[in-house]
Amino acid sequence: MRVLVVEDDSELAEAIGVGLRREQLAVDVVLDGATGLERALTTSYDVVVLDRDLPGMHGDDVCTELVRAGCRSRVLMLTAAATIEDRVDGLDLGADDYLPKPFALAELLARIRALLRRAQPALPPVLVHGDLRLDSSTRIAARGDRVLDLGPKEFGVLELLLAAQGRVVSAEELLERVWDEMADPFTTAVKVTMSRLRRKLGDPPVIETVAQAGYRI
């Protein structure tokens, strides 16, 4: 799934990005509120990790604008202020969760995972189709008794297809949700990843190609 990190401390932002990508999430990083707002309104992110104390456009204002625009992304606010009043203020603005600095990356990841489970529409932590089973929390996928050795992108594609519950998912949506802003829109990455994933899933096939539309389970 795809996460946007809005944090003006470049070292912290980069560290968060590296840590989340290591956990197989697609992550975009921006360093100011105005750019963060623009990205969040134009790209379908599952979670926005938003520093509250941003220069220029304050994180509170970013959160307020996201709520006003009906943005469906979950918002996790970060701040150096850790009083109860500060947390309540952030949640009252429409944030879904609040994490004071300093924090452990493991806790940030756990909170992001929790928000992903609360995505719209709500999805179960374990996705099942026939003998195919994917556990988003443990990052384990299996078919029957066989655990699948999936790379991060293969896992992400399978997770998105299972979450779609039979809906056709276009190659463009897969590229937007599973990859990040560094992905070339003209790349063959989706086709190559889909080919590897199908090979690892084995027979009988479970992923159908819908001509000129995309893929579905």
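Two strands count as paired if DSSP finds at least two bridges between them. Helices (H or I, at least four residues) and strands (E, at least two) are DSSP runs, numbered from the N terminus. The model is a predicted one, where local features need pLDDT of at least 70, side-chain atom pairs count only at pLDDT 80 or more, and totals for chains, interfaces and linings use all residues. Residue numbers start from 1 along each chain as its sequence is written, and side-chain values rest on heavy atoms, with hydrogens and water left out.

On to the sheet. It's an open one of five strands, running S2-S1-S3-S4-S5 with parallel pairing. Strands S2 (26-30) and S5 (97-100) sit at the edges, each pairing on one side only. From one strand to the next, the twist averages 20°. Strand S1 (residues 2-6) pairs with S2 in the parallel sense over five bridges, and valine 5 stands opposite valine 29 in S2. Helix H2 (residues 33-42) packs on this sheet, touching S1, S2 and strand S3 (47-51), with contact meaning heavy atoms within 4.5 Å. The direction of H2 makes about 160° with that of S1.

Then there's a helix pair. H1 (residues 10-22) and H5 (residues 105-117) pack at about 60°, their axes 11 Å apart. Axes are lines fitted to C-alpha atoms, for helices over the stretch in contact, and angles run from 0 to 180 degrees between N-to-C directions. H1 and H5 are therefore oblique to each other (under 35 degrees is roughly parallel, over 145 roughly antiparallel, 65 to 115 roughly perpendicular, and the rest oblique). In H1, Ile16, Gly19 and Leu20 meet Leu105, Leu108, Leu109 and Ile112 of H5.
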